[in-house]
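Trainee: I have a two-chain model to go through. Can we take the interface step by step?

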There are 2 protein chains.
Amino acid sequence: MIGRASTAQKNRALLAAANALDVARAELSAANELDLAAARANGLEPALVERLALTPERIDGMIVGLRQVASLPDPVGAIRDMSYRPSGIQVGKMRVPLGVIGIIYESRPNVTIDAASLCLKSGNATILRGGSEAIHSNRAIAACIQRGLDEAGLPAAAVQVVEVTDRAAVGALISMPEYVDVIVPRGGKGLIERVSRDARVPVIKHLDGICHVYVSAHADLEKGRDIAFNAKTYRYGICGAMETLLVDQAVAAEFLPAMAERLRAKGVELRGCERTRAVIEAVAASEADWSTEYLAPILSIRVVDGLDAAIEHINRYGSHHTDAIVTENLGESRVFMAEVDSSSVMLNAPTCFADGFEYGLGAEIGISTDKLHARGPVGLEGLTCEKYIVVGDGQLRGQAAV
Amino acid sequence: MIGRASTAQKNRALLAAANALDVARAELSAANELDLAAARANGLEPALVERLALTPERIDGMIVGLRQVASLPDPVGAIRDMSYRPSGIQVGKMRVPLGVIGIIYESRPNVTIDAASLCLKSGNATILRGGSEAIHSNRAIAACIQRGLDEAGLPAAAVQVVEVTDRAAVGALISMPEYVDVIVPRGGKGLIERVSRDARVPVIKHLDGICHVYVSAHADLEKGRDIAFNAKTYRYGICGAMETLLVDQAVAAEFLPAMAERLRAKGVELRGCERTRAVIEAVAASEADWSTEYLAPILSIRVVDGLDAAIEHINRYGSHHTDAIVTENLGESRVFMAEVDSSSVMLNAPTCFADGFEYGLGAEIGISTDKLHARGPVGLEGLTCEKYIVVGDGQLRGQAAV
């Protein structure tokens with residue numbers, strides 16, 4: 001059982017899997033070629049075919065990823081907060097694996113490595129159910145991981161690929177709480193909503209990232225423009241990208257023109273509320289814009305009446321992912337940090353910082369917008385849980401301690 | 001909104017509610033009398049009628065409970081692990097309320113106070129759906145809590161009683177993830193299984209407590225007898241009571257006779273495997289006994305072939321609640337603590353210690369046998385979650401820190 005493997009064994013397996021990938025490049029490319037040929041024959045969209053391709057650079061990326069996970073600290077077995085109770089027993093917590101993690105994902109084969117390596121390092125068994133269009137690639141990648149497990153003396157069954165790729169296989173995987181402890185869906189919104197709706201097994205999910213930056217009346221406006229620009233343009237396609245900019249009405253006329261100019265020069269389309277459009281040129285934003293994750297060079301802008309209105313907008317239209325305030329005012333920052341109901345709340349920093357590496361967690365399996373169990377970037381710790389441990393020396397309940 | 005109430009306000013509300021209960025004794029008894037009369041008229045079982053009764057002692061208990069919860073530390077707003085990252089941002093975690101907690105419970109009206117006080121102290125709004133047979137009592141108790149909230153200047157709507165007591169009301173409550181963040185069912189196994197099966201909202205559940213004590217070949221046998229006796233007989237009806245005693249074959253003949261004598265003298269019925277019955281007199285245990293929570297003076301006993309067999313039995317037949325080993329051997333204790341997959345794992349201590357007060361958590365809303373989010377006794381911390389907070393001063397992503 002993988003849960004009782006030592007840190008050294010798990011690291012050995014990860015490093016051996018990295019070497020196995022390096023050695024198997026020809027094998028991987030041949031397997032990937034089968035998937036690519038089928039995808040083209042089936043008329044798959046070029047963007048999807050592109051995501052499916054295992055280029056030499058992507059294989060390099062997987063190898064680096066495995067070595068990084070090997071270098072992360074092992075969360076399993078950590079004991080904390082042991083303290084003596086009046087009865088004489090000691091009570092604390094020990095971090096342990098969750099057990100069996102099912103990963104359901106779409107066409108990108110590198111998810112196979114990301115997911116399997118994090119699950120392995122955290123002492124969990126993994127059941128991987130990728131898309132049918134990537135089955136040959138996923139099987140070839142999993143074979144490399146299994147070689148790594150084997151070299152480290154660990155059971156190859158700790159990482160399994162579901163060979164049946166129809167929808168029924170997903171249905172089965174998500175309805176067996178006796179055998180699967182948690183499901184992590186990785187992919188588009190449709191997949192994640194479907195899995196969450198039908199699952200009988202707990203799901204760690206990552207839905208939209210409708211992230212906001214609020215520029216307060218007490219903001220350093222130039223800092224605000226830098227932060228908003230970075231939050232929008234660092235990368236349009238990441239879930240931490242800003243989708244809506246909120247500006248206090250007291251500074252809108254001063255803040256927005258220079259902001260708009262910078263964004264427009266970068267090619268970002270602006271959509272604004274009426275008060276925004278009184279100050280800068282922008283397409284009229286519709287109600288739907290406030291709850292849209294563009295993942296594109298489009299930005300909605302709304303002028304709001306102060307802090308409470310900004311918080312209300314974020315909690316109502318946002319997706320509880322990551323939201324930021326720009327302010328130099330301490331009281332305002334305290335209220336915003338406490339009351340915005342998101343997995344990450346930021347002060348004077350762009351939302352695009354929402355990322356496991358930037359947070360010091362290392363690789364992540366996703367960014368959870370759930371409140372229970374894991375919230376925000378989910379790294380090794382999110383794939384484990386804590387149990388209570390109690391140590392005594394014969395203390396009994398209902399009797400005074402000696 | 002209750003989530004932004006200060007610690008002082010929440011404590012004031014709890015203490016005012018305690019006083020309101022004290023003042024409203026006559027009112028509470030009259031309301032309870034209506035429920036009791038209806039229960040008797042409907043031919044409810046005497047045991048259930050007894051559970052329904054709000055005696056003066058039970059009202060005292062509720063008042064003490066409220067004051068205890070007021071005296072517990074407030075978990076909300078605690079910030080931990082703030083550290084600088086290479087980018088120059090600071091990243092840490094802040095503990096915050098979950099939001100709205102739905103409590104579904106059966107006839108004991110004191111659950112109204114237990115649940116509402118813990119939810120209030122942890123900054124959550126509560127929707128209470130008790131059984132129809134206790135509706136007058138629950139309404140009168142909730143009115144006292146609402147008086148407390150009102151006195152502290154908090155919205156009375158933070159604690160609500162569902163007035164509709166048919167099953168459809170439960171169905172509605174558990175299928176609105178937009179409005180309810182988590183459901184805590186309190187009651188019998190049937191209720192909890194039904195709620196868990198049908199819920200679309202996350203559930204913190206507490207199922208069986210099939211708890212084991214394993215007496216190893218390296219145990220101090222007299223200590224083992226004391227621990228096993230206490231684990232079984234401290235109280236038969238609590239979920240931490242031992243239901244199965246496992247004994248290493250090497251010491252069974254020495255350990256069991258004196259153990260059996262003590263248990264039999266206390267009136268405990270013994271059911272044993274074949275090897276047990278070769279050493280002491282006992283009814284033959286069936287396969288079903290290993291997975292039965294007796295909550296009664298009945299104990300099943302099995303002789304096993306050492307540590308691994310004991311762990312395998314516990315992980316297979318147990319309910320992942322609380323399990324203990326009695327041993328003086330360090331290596332054995334390390335393996336048992338790491339590999340037994342239960343919410344509490346104990347060394348040389350009886351399983352009946354599994355309790356929020358004994359662990360220093362204060363009052364608990366239940367003992368979770370889930371792995372995700374809250375495991376073991378669920379107190380104030382289990383009713384909250386942590387979000388990431390990020391503090392910067394204009395740091396941008398993709399640019400080297402200054």
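Trainee: How many salt bridges does the rule find across the interface of chain A and chain B?
Mentor: This is a predicted model, where local features need pLDDT of at least 70, side-chain atom pairs count only at pLDDT 80 or more, and totals for chains, interfaces and linings use all residues. Side-chain values use heavy atoms, without hydrogens and water, residues are numbered from 1 along each chain as its sequence is written, and chains are lettered from A in the order written. A salt bridge puts a side-chain nitrogen of Lys or Arg within 4 Å of a carboxyl oxygen of Asp or Glu. A:Arg397 and B:Asp355 form one, at 3.6 Å from N to O. Across the interface of chain A and chain B, the count is eleven.

Trainee: Which three residues supply 17% of the area that chain A buries against chain B?
Mentor: Buried area is the accessible area (1.4 Å probe) that two parts lose on being put together, summed over both. Chain A and chain B bury about 5400 Å², 56% of it on carbon and sulfur atoms. The three that supply more than any other three are A:Leu372, A:Tyr388 and A:Arg397.

Trainee: In chain A, which residue has the C-alpha nearest the axis?
Mentor: Copies are superposed by least squares on C-alpha atoms of residues with pLDDT of at least 70 in both. Chain A goes onto chain B by a turn of 180° and a shift of 0.0 Å along the axis, with an RMSD of 0.1 Å. The two copies are therefore related as by a two-fold rotation axis. At 1.8 Å from the axis, the nearest C-alpha in chain A belongs to A:His373.
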